Amino acid sequence: MYDINDAPLTWRHYYITGVASLGQLIGTGLATLVSVIIPLYQLVAHPELSSVMQGLVGAMDLIGIMVGSVIIGKLSDHFGYLIFFRLCPLLICAVSLIAIYLSDIPILIICLFFMGFAIGGEYSLDSNYISTLMPDKWKSLMVGSAKAASAFGNIGVAAVCFLMVKGWTDASLWPRLLWIMVFISGLMFLLRIRFWESPKWLLTHGKVKKAEQSVKHFLGNSVTIQLPISDDAPKTGNDNSKAAIPSFGEFLKKDWKKIIFTGIPWACEGLGVYGIGVFLPILVMALGLEHLSPTEQPIEHVASSVEITLWISCIILPGFVIGLFLINRIDDAKLQWSGFLLSGLSLLILLLAYHYHWAKWIAIISFMSFELFLNMGPHLITYVLPPKVYPIEVRGLGSGMAASIGKIGAVLGVFFIPLLLDAGGSKLVLIVSIIVMLVGAAITYIFNPGRNRKTNIL
């Protein structure tokens, strides 16, 4: 018999992580999908979308994530993880179908918000499920592995979009791309039918018998849950005992340093992952990285930029793999701020390559280096930190708050990048992005609560 915190890894742990990871996959997959829809819609819109409308379309799912991560995170602390873990993919599937069959921009914008709202819930729930079910020794690695699944969202959706768009002669077929979201969200729901409530959430809310049953459902009869499981467990086995859940105001007052430490760097990382990511095909065209002549058909240019986006996205997965290799060898905060610095340096080289008209391969390698270091450090660690920093009674709210602040940065990045392109072109976009990377490094270093010890507080 093993306690849940000390049990050896089995196929059940990998299955739990895999199912929970699909929330990360669909989140980045949607961002990649929007990055392809925007230039396609530009070809059929009369007049073309303004820079403000481009920013609004690109940012709307992120606004939904920002709202949904806090609301669903808070509700899950009170009502449990399971109900929202199933409702989120159903909502994504439903609104995706609406966007397919009512295919115009106002409807798409509304649907993107609700898709993002559900994905925001995913960002809170998946890390919470994994962190409460994994053995202590493997917790960081498995939570990080879930985040790494987002790379498959970038790569997989970019590949499917390229294969679809490559064969099109009519850009008005863009709503068909949303079938990708229908398929992924439908698969998510089916896989979660056999899930149960988090045993540690049940235990924290005094439901000891149900917690014991949940552990056996998840991990088998050889794993038990014992009191106390950690410092954040209830001190009595009475089913009527509950952990005190602070109000939102109390949470802000007590944990504001943790909020800054877990939220602001996530916002800086959000500009790189979503701000640049959503407009990556457009930036590829603006930086002159295509391999087509200007006389080719516009949809051919879109397909070419999506192809280059696919190749750049392929470096995301190696970045996560390197980060996962380092996650138990280097302090989390150090890995995060060093990743920010290297990402900024990569963008600086890209800026110089564009300004001085260096060879395209230098610019493309610089772009790929940016993605490598961003995903090796900030994109991975900003997701890993909140479940470590916050105790279980506010873990849903803490993780949701961090994700929400992160999406504020992503929203600002996505909304302002088209405006920056209009105001100063690619150079201005790169300069602002470099500054944001440096801010992320500085905040991580200054507010790290474990600067003189490991960041794993709990």
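I take buried to mean under 20% relative accessible area, exposed over 50%, and partly exposed in between (1.4 Å probe, protein chains only). The model is predicted, so I kept local features at pLDDT of at least 70 and side-chain atom pairs at pLDDT 80 or more, while totals for chains, interfaces and linings use all residues. Residues are numbered from 1 along each chain as its sequence is written, and side-chain values use heavy atoms, without hydrogens and water.

**Helix 1**

I looked up helix 1, residues 11-44 (helices are DSSP runs of H or I, at least four residues, numbered from the N terminus). I found 27 of its 34 residues buried, so helix 1 is largely enclosed by the rest of the structure. At Ser 21 helix 1 bends by about 30° (the angle between axes fitted to the seven residues ending there and the seven starting there).

**Helices 15 and 16**

I checked helix 15 (residues 360-376) against helix 16 (residues 378-389): the angle is about 15° and the axes are 3 Å apart (axes are lines fitted to C-alpha atoms over the stretch in contact, and angles run from 0 to 180 degrees between N-to-C directions). Helix 15 is therefore roughly parallel to helix 16 (angles under 35 degrees). Contact (heavy atoms within 4.5 Å) involves Phe 373, Leu 374, Asn 375 and Met 376 of helix 15, and Pro 378, His 379 and Leu 380 of helix 16.

**Ile 100**

I located Ile 100 in helix 3, residues 82-101. Ile 100 is buried at 10% relative accessible area. Leaving out residues up to four places away in sequence, Ile 100 touches Pro 175, Leu 178, Trp 179 and Val 182.

Note on methods:
Helix = DSSP H or I, 4+ residues; strand = E, 2+ residues; numbered from the N terminus. Expected span 1.5 Å × (residues − 1). Parallel < 35°, antiparallel > 145°, perpendicular 65-115°, else oblique.
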